[in-house]
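Please keep the sequence and the coordinates at hand while reading.

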Amino acid sequence: MTPIDCLIVDDEPIARDIIRTYCAHLPYLRVAGICGSALEARTALMQQKVDIVFLDINMPVMDGVSFLKTLKTPPQIIFTTAYKEYAVDAFDLAACDYLLKPFSLERFIVAVDKAMEKLQPTGRAFAEAGESKEDDFLFLKADGRIYKVMHDDLLYAEANGNYTKVRTTQHTLLPAMTFSGFEELVPKSKFLRIHRSFIINKSKIDHIEGNRVFIQNTEIPIGSNYREQFLKQIGLSS
C-alpha cells in the first residue's frame, strides 16, 4: 500500500508527541513533517505534498482555522483541539474530522479512516482493492498492548458498558472503546449488527436457528428490530 504522508501542526510538544506516537501504530502513515506553528506548516506545504494534516486550532500568530482559509487546495484536514466551540467553523471549512483533546487511539483511527476514504474513494482505509481483500485489518488497544487483528479473524463483538468485548479466533479482547466506535472501524459488507449489543462477522456464521445465530458454539441473539434487515443482508427474506 502506498504510504500516506501526514503533517503534524501543534504548538504543544506533548500534543505533537502523542499524534506522532499514534501515527507510528499505523504502518501506512508516514510523518512527513512536524511543525510548531501555522506559519511553519505553510512553509512545509510549499516544499512538499502531504495527504493529511493534523492541525491544532489554538496557536499563536495564526490559528488553525485562519491557516486553513489561506490554503487554495488543502490536504485532508483533521483538527486536533481542546476547544469544542470551533467545531462549526471546522466543518464549514470541510474539515475531514474534529478530534477533541484528549482523544484515544481508537478515535484517532476512525478519523484517519475518514480521511483515507476521501483520498481513496474506491477503497476503504486498509484495502487498496476494496473490502473483499482478506488482509484487511484493524488495531485494538487492550491489556496494555496494541493488537493487529485481521478482519477475517474477527468472530463477533459485544457491547460491554464503556468497553467492547471482541472475540477473535485467538483472543478475547476488551478494548476501551464504545460499541458504536468499533462498528465504525469494521466494513459493513462483512460485519452485521444483529442486536443492539452484538456485531457479527457474516462469514463466521455456522448456522441460524430461530432468533439465534451460532458462531463456533457461541449462541448470539438476533434482536427483533434487526432481524428483517439481517435476513436481507444474508440473501434471505423474512
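What follows takes up the sheet, then the pocket, then the salt bridges.

The model is a predicted one, in which local features need pLDDT of at least 70 and side-chain atom pairs count only at pLDDT 80 or more, while totals for chains, interfaces and linings use all residues. Residues are numbered from 1 along each chain as its sequence is written, and side-chain values use heavy atoms, with hydrogens and water left out.

**Sheet**

- E158 stands opposite F198 in strand 12.

**Largest pocket**

- A pocket is an open set of points on a 1 Å grid over the protein atoms alone, where a 1.4 Å probe fits and protein lies on both sides within 12 Å along at least five of seven lines; its lining residues have an atom within 4 Å of a point.
- The largest pocket holds about 180 Å³ of space, the volume being that filled by probe spheres set on the grid points, which are joined across faces, edges and corners.
- Its lining consists of R42, L45, M46, Q48, K49, V50, L71, K72, T73, P74 and P75.
- By class, that lining has 6 nonpolar, 2 polar and 3 charged residues, with Asp, Glu, Lys and Arg counted as charged, Ala, Val, Leu, Ile, Met, Phe, Trp, Tyr, Cys and Pro as nonpolar, and the others, Gly among them, as polar.

**Salt bridges**

- A salt bridge is a side-chain nitrogen of Lys or Arg within 4 Å of a carboxyl oxygen of Asp or Glu, and by this rule the count comes to 13.
- K49, one of the residues lining the largest pocket, forms a salt bridge with D51, with the closest N and O atoms 3.4 Å apart.
- With buried meaning under 20% relative accessible area, exposed over 50% and partly exposed in between (1.4 Å probe, protein chains only), D51 is buried at 16%, whereas K49 is exposed at 66%.
- E228 and K232, 4 residues apart in helix 7 (residues 227–233), form a salt bridge whose closest N and O atoms are 3.7 Å apart; helices are DSSP runs of H or I with at least four residues.
- D10, D56 and K101 are linked in a network of salt bridges.

Note on methods:
Two strands pair if DSSP finds at least two bridges between them. Helices (H or I, at least four residues) and strands (E, at least two) are DSSP runs, numbered from the N terminus.
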